[in-house]
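Here are my notes on the model you sent over.

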Amino acid sequence: DAGLMLWERDPNNPGQWQVRIPVNSKSVYDVSTTSIQIDSELPADLLVEPSSIDVEPSGITASMMMSAYTTYTNNKISVRITAAGTDSASLYGSGTLFNIIAKPDLSVPGTQCGPLHLIPDDGAGNGVRLYDVITGPTTPLDLELEDGQLCVTGGCIHGDADNNLLVNSSDTQYILDYWVKKVPGNECLMKSGDINLDGLVDSAD
């Protein structure tokens with residue numbers, strides 16, 4: 001989602017930031033739980049420690065057994081997610097299917113962006129594959145895939161409007177103070193405080 005960048009602290013290492021990359025679907029009504037495969041590519045230049053990438057299910061896929069593995073080739077990080085249910089039930093809903101948890105490289109100078117690429121089904125067992133609950137795991141559904149984008153902002157942390165390396169209620173107050181010209185701002189404010197990406201740092205953020 002263009003206006004939603006999910007940065008969070010690594011619970012095992014509070015000094016390290018993580019980015020939560022959601023794999024979303026506009027609709028999974030009548031998609032079979034028998035088998036799901038998501039093949040994706042992440043920009044290696046913008047992430048550190050590819051081996052530490054983790055994948056978590058969402059509320060939609062929480063009842064499925066899931067596995068994921070990561071490989072690094074040609075300056076791209078490939079993440080394959082497979083999930084299956086014990087019976088051919090239906091998934092219902094829309095929104096996040098899985099969350100890919102990675103560590104952004106905050107030493108990247110300036111702002112750099114890279115594609116979050118979903119790989120189309122090649123007919124040979126690779127790519128994004130979902131199946132219809134009625135026909136089962138025989139012919140994959142026809143899908144419209146839409147890539148995303150990851151941007152790293154050179155040490156500026158999304159949501160950290162006051163630039164003190166913490167995201168908390170003081171950032172809300174800082175944005176309000178900035179909007180009424182009580183504070184002059186800082187070098188990271190446009191990257192960290194423009195939460196809805198409308199080019200302004202104001203009460204909407």
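1. Start with Leu145, which sits in the loop connecting β11 (129–132) and β12 (148–152). Keep in mind throughout that this is a predicted model. Leu145 comes out at 34% relative accessibility, so it goes down as partly exposed; the partly exposed class runs between the under 20% of buried residues and the over 50% of exposed ones.

2. Together with Leu141 and Leu143, Leu145 makes a nonpolar surface patch of about 200 Å².

3. On to the cysteines. How many disulfides does the structure hold? There is one, and it is formed by Cys113 and Cys151, with 1.9 Å between their sulfur atoms. Cys113 belongs to strand β10 (residues 112–118) and Cys151 to strand β12, so the bond ties together parts that lie 38 residues apart in sequence.

4. Is that disulfide right-handed or left-handed? The torsion about the S-S bond of Cys113 and Cys151 is about 105°, so the disulfide is right-handed.

5. If you're thinking about the surroundings of the two cysteines, look at them one by one. Cys151 has 18% relative accessibility and therefore counts as buried, since the cut-off for buried is under 20%. Cys113, with a relative accessible area of 42%, is partly exposed.

6. Next, the hairpin. Strands β6 (residues 65–73) and β7 (residues 76–84) run antiparallel and are joined by nine bridges. Thr73 has Lys76 of β7 standing opposite. Two residues lie between the strands of this hairpin, and Asn74, in the turn, has a positive phi of about 50°.

7. Last, the aromatics. The count of aromatic pairs comes to one. Which rings make the pair, and how are they arranged? They are the rings of Tyr29 and Tyr92, with centres 5.9 Å apart and planes at 65°, so the pair is edge-to-face; planes over 60 degrees apart fall in that class.

Notes. Residues numbered from 1 in each chain as written. Predicted model: local features only at pLDDT ≥ 70, side-chain atom pairs only at ≥ 80, totals over all residues. Heavy atoms only, no water. Patch = residues over 30% accessible without salt bridge, like charges linked within 9 Å, V, L, I, M, F, W, Y side chains within 5 Å. Areas by Shrake-Rupley, 256 points an atom, 1.4 Å probe, with all protein chains shown as cover. Salt bridge = Lys/Arg side-chain N within 4 Å of Asp/Glu carboxyl O. Helix = DSSP H or I, 4+ residues; strand = E, 2+ residues; numbered from the N terminus. Buried < 20%, exposed > 50% of the residue type's maximum accessible area, 1.4 Å probe, protein only. Disulfide = S-S within 2.5 Å. Pairing = 2+ DSSP bridges. Phe/Tyr/Trp six-rings, centres within 6.5 Å; stacked < 30°, edge-to-face > 60°.
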